[in-house]
Every structure is written in structure tokens, then in C-alpha cells.
Amino acid sequence: MTRADAVEAVRNPLAFIAERWTPKPRTVQRAALAALVMAVVIVVTGGAVRLTGSGLGCPTWPKCTDDSITNTSEMGIHGVIEFGNRMLTYVLSAAVGWAIIAARSQKPRRRSLTRLGWAQFWVVMGNAVLGGIVVLVGLNPYTVAAHFLLSTALIAVATVMWQRTREGDSEPRPLVGKSVQQLVWALVAVTALLIAVGTVVTGAGPHAGDSSEVERIPLDWENITRLHAVLAWVVVTLTFALWFVLRAVDAPKGPLHRTRDLFLVLLGQGAIGYIQYFTDLPEVLVGLHMLGSCLVWIATLRVLLSLRERHEAVEVPGPGQSTQRVATRA
């Protein structure tokens, strides 16, 4: 490497890598999927921190203690769990960085993919800061809920990027009518509300995230849980109705299959939800329910994204001009 190359690499490392490497489409897809998987993993491990009472295992931030960046032996298993979850943020950042590099290096360049990668990066950074605030305010339930919801937003962006890696860049062509699209948007909105109310259930419930006395949301936990269950049944009903509507209008297989997948995920999540409620919220089932929440959200977004298709746009010579944009199947 010459001195000029080194200067260029320092000044714009992404452009430097992109000039010398062209990943295969499958590599870009796997990089986006890795970022999505890590976004789910960080939610599940964050739940493990809460459910094991390790939320203040590292009592300060950004250090683990006032005198140590890492956990110490005196802090026991709670310090290990909390600090381990913090370290996974670096793994998540690496996965997102890999997705950004792969998207930026793809030929032809797809700026939309790179923007989605950077959007994930900034959400991760914002959530890391918010996680520190959660610790500094002693696991205030409102900040904990915001922390989870921002992770849900990260999963949304990662899901969109993963889908876009398997599509082209032409204008989206709808595969169903406007009324079906409106039904799906209603499904997405109610699902988002379901997840938001779920954070209130957690904030008002018994799992405070620490063995000491921690502030809870001052609402009746059982009433909020019932509201959460009602919203869950609304989501199931909308999904069931959507499947029949798609069959009635002879929709393509893509939306039908994604709707079927969502329905199956909802059944599993509902079963876990009711079992945990009637068995006094065992930690393992609560953790599985958090994983299920992520899977429900991903499945719902995949239904929405399946309602249109994008073809790959390529450059070909056109009459009277140097090039012309046409669409081909991705």
C-alpha cells in the first residue's frame, strides 16, 4: 500500500474498501441478516439482565463501577450478566458496521441500502446512551420502556434493510389493492400499540430488573395485562381476516405465505403469554415472550413488505441518449 492509499483509507475508509472489493449479493444479504439477528439477540439478553435482577449489576455508566471499566469479582454473577450485555453492544455495532460496509461496496452502488445501514448505526448509538441513562436513574420504568421501544425501532429498520437486499431499486409495484394495503397498515399500527402496551405491563409488573426496591409504573398490573391481551386478540383477528381477504382477491403467494407465518408466530406467542400469566410469570417464559415480541414484529413487517415488489433497475443504451433506465426482475 502506498502512502497515498494510506491517506485515502484514513480519510474515507468506506470508499477505499468499496473501490477494492465487490461483495456478492448473497454476502450483502447475509450481512443485513446478521445485523437483524443481533438486534434481536440484544433484546433477549437485555431481558435476561432484567429477569435475573442484574439491571444494576454495573451500578454506573459508562464504567461498570466508579473505579473500574469492567465488572469485578466482588460484584458476582449480576455484574457478569450486566457487563456481558454491555459488551454485546459492541458485537451489534460490528454487525451493523459489516452491513454498512457490504452495502456501500455493492456494485452498482445502492445509496438506499447504505442509508438504512447508517440509520441502524445511529439508533444503536442512541440506545447505548439511553441504556446508560436507564442505569443512572436507577431503572426508572419509563426509561426502560423507551429503551425497549428504541430496540424495536432498530429491528424495524434492520428488517427493511434485509428485505431491500433481496430486491431491486425500481419503483415499488403494488401486488394488492388499496383496501388490502389499508388493512395491513391497520395491522401494523395495532401490533405496534400491542408492543408499546407490553412495555407498560412490564413496567407495572413484578420483574423490576433489580433485587432492591425499584420504582414501578403506578397502574393496576392486571388491568393493563387484560388490555394487552385484548390487543393481542385484535392482532390475531386482523391477521385471520387478512388471510381470507388475500385468498378472496387471489393475491400472490408472497403475501399469503407471510400472513400465514405471522399467524403461526402469533399462536406461539399467545400460548406463551397465557401460560406465563397463569403460572405467576416464571422468568424463562417471560424471556421467551420477549423473543416472541421481536418475532411478531418482524413477521408483521414482512407482511407489509410483501405487498409490493421491486425490480432491479439497470442501465442500457437508449435511442438518442447515452443510457436509459429499465426494470428487470430482481
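## Aromatic pairs

In this predicted model, a search of the whole structure finds 9 aromatic pairs. One of them joins tryptophan 118 and phenylalanine 121, whose ring centres are 5.4 Å apart and whose planes meet at 85°, so the pair counts as edge-to-face, the term for planes over 60 degrees apart.

## The pair in helix 5

Both tryptophan 118 and phenylalanine 121 belong to helix 5, which covers residues 111–136, and they are separated by 3 residues, about one turn of the helix. Tryptophan 118 is partly exposed, at a relative accessible area of 33%, and phenylalanine 121 is also partly exposed, with a value of 23%.

Another edge-to-face pair is made by tyrosine 277 and phenylalanine 278, with ring centres 5.1 Å apart and planes at 80°. Tyrosine 277 counts as partly exposed, at 26% relative accessibility, whereas phenylalanine 278 has 62% and counts as exposed, because that value is over the 50% cut-off.

These two residues are also members of one aromatic cluster, which is formed by Trp221, Tyr274, Tyr277 and Phe278.

## A charge over a ring

Which residue lies over the face of tryptophan 162? Arginine 166 takes this place, at 4.2 Å from the ring centre of tryptophan 162.

Definitions and conventions. Residues are numbered from 1 along each chain as its sequence is written. This is a predicted model: local features need pLDDT of at least 70, side-chain atom pairs count only at pLDDT 80 or more; totals for chains, interfaces and linings use all residues. Side-chain values use heavy atoms; hydrogens and water are left out. Rings of Phe, Tyr and Trp (its six-membered ring) pair if their centres lie within 6.5 Å; planes under 30 degrees apart count as stacked, over 60 as edge-to-face and the rest as tilted. Helices (H or I, at least four residues) and strands (E, at least two) are DSSP runs, numbered from the N terminus. Buried means under 20% relative accessible area, exposed over 50%, partly exposed in between (1.4 Å probe, protein chains only). A charge sits over a ring if NZ of Lys or CZ of Arg is within 6 Å of the ring centre and within 35 degrees of the ring normal.
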